[in-house]
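Trainee: I have just opened this one and would like a slow walk through it. Could you take my questions as they come?

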Amino acid sequence: MRRATYAVLDAAYRAGVRWIDVARSYGRAEEFLAGWLAERSHPDLTVSSKWGYTYVGAWRMDAAMHEVKEHSASSFSRQWSESRALLGSSINLYQVHSLTMDSPLFTDEPLLRALSALTDDGVRVGFSTSGPRQSAVIRRAFDLEIAGRPVFTAVQSTWNLLEPSAGRALAEAHEAGNLVLVKETLANGRLVAEPSAVLGRIAERHGVGPDAVAVAAVLARPWADTVLVGPSSTAQLAANLAATKISLAEGELRALATLAQPPGEYWGRRSSLHWR
């Protein structure tokens, strides 16, 4: 796994990728990244990580539970120390992992103060979102302040051809000067494994795979500052990055917009996907 990680990271860097996003709950992702950074010494990378989930799956796909979520001051303190111990000053952005409307974070002033204090150390503070109420979470989180200063200045949200409902809220966040990262651009692989006829035709027209068209659709959003992909091999990376070589016409973007699903339907299907 380490060798495969290094191979993908090396290929991504050669291709011009300069942003790497990990999380405490992504298995040994921070550890592998720390080793790669130490060996390569690239000075021009931006690194973001996330706290709030702890991986407990023990590398078993049949585990009863894969990760435990806890948005508390003690969890933040522990996980920030763990991230910092591995990645040191390489961390540019630290994010709350999967913030939802029911998170205790919104009313936990000690936690908000601790998060806000990261800014004084030169670390940007953000949050990621999941679920059918992403837009409400985005707007509520950006309203949070400590001592008259916003707690958050970055957001990482799901936006893809099947689930574009957070688009307006993300555009508002971008216009307000916040950093917008887009995740799950391939809908957890569904847009590749189950491409619609519309997506297939457009991909064929451009001579690329459906993944490239799906990513290109995200790149076409003027509010998308950083677009994330999650390839597990150099071949997948190359296929994803083909998105940068094509330009979708307005008619194609309108046709792709017809693929959108109701948020509840999308997230219900997502929750039923098997862990990999």
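This is a predicted model: local features need pLDDT of at least 70, side-chain atom pairs count only at pLDDT 80 or more; totals for chains, interfaces and linings use all residues.

Trainee: What is the strand order in the open sheet of 7 strands?

Mentor: The order is S1-S2-S5-S6-S9-S10-S11, with parallel pairing, where strands are DSSP runs of E with at least two residues, helices are runs of H or I with at least four, both numbered from the N terminus, and two strands pair if DSSP finds at least two bridges between them.

Trainee: And which are the edge strands?

Mentor: They are S1 (19–21) and S11 (226–227), each of which pairs on one side only; S11 pairs with S10 (residues 179–183) over 2 bridges, and Val227 in S11 is the bridge partner of Val182.

Trainee: Switching topic, where does Ile138 lie, and is Ile138 buried or exposed?

Mentor: Ile138 lies in helix H5 (residues 134–142), and at 1% relative accessibility it counts as buried, a word that means under 20% relative accessible area, with exposed over 50% and partly exposed in between (1.4 Å probe, protein chains only).

Trainee: What is Ile138 in contact with, beyond its neighbours within four places in sequence?

Mentor: Its contacts, meaning heavy atoms within 4.5 Å, include Phe127, Val155, Ala166 and Leu170.

Definitions and conventions: Residues are numbered from 1 along each chain as its sequence is written. Side-chain values use heavy atoms; hydrogens and water are left out.
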